[in-house]
Amino acid sequence: MTRRICVAVFLALLLLPAFQAQAQQKARIQGAVSLQGNSPAKGYVVQVGRYWSYTDLKGHYRIDDVPFGKYSVEVKKKGTVVKRAEIDVREPVVTYNVTL
């Protein structure tokens, strides 16, 4: 019985880093959306998969806790897609800037 507990604790400690690494594989996607002439695109929606954010007054956006993977990015204004691209999220911070 004691040996089983020791083996169970050992295995749990051995596998813990693998579970932590899996849990840490999320990213922040950030950037800016600008119009032709470099003026900020404020109030646009930037959607990455099911994750999204509005651009602020300077055209900046930030989306946290996006799991690593390949995504379609859509920039929308009033529900209409104005730009679409594909990105591969493999780093903890991904910067994606868009000019419309």
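**Close-up views of a predicted protein model**

**View 1. Serine S34 is a buried residue.** S34 is buried, having a relative accessible area of 12%; buried denotes under 20% relative accessible area, with a 1.4 Å probe and protein chains only. This is a predicted model, in which local features need pLDDT of at least 70 and side-chain atom pairs count only at pLDDT 80 or more, while totals for chains, interfaces and linings use all residues. Residues are numbered from 1 along each chain as its sequence is written, and side-chain values use heavy atoms, with hydrogens and water left out.

View 2. Strand β1 spans residues 26-34 and includes S34; strands (E, at least two residues) and helices (H or I, at least four) are DSSP runs numbered from the N terminus. A polar contact of 3.5 Å joins the side chains of S34 and T99. Such a contact is a pair of N or O atoms within 3.5 Å; within protein, one must be able to donate a hydrogen and the other to accept it, and residues adjacent in sequence count only if both atoms are side-chain atoms. Beyond four places in sequence, S34 also touches residues including S39, P40 and V98, where contact means heavy atoms within 4.5 Å.

**View 3. I87 has contacts with several residues.** Leaving aside neighbours within four places in sequence, I87 is in contact with I29, V48, G69, K70, Y71, V73 and Y96.

**View 4. The whole protein has 1 helix and 8 strands.** From the N terminus, the order of elements is α-β-β-β-β-β-β-β-β. Of the 100 residues, 30% are buried.

Methods
Buried < 20%, exposed > 50% of the residue type's maximum accessible area, 1.4 Å probe, protein only.
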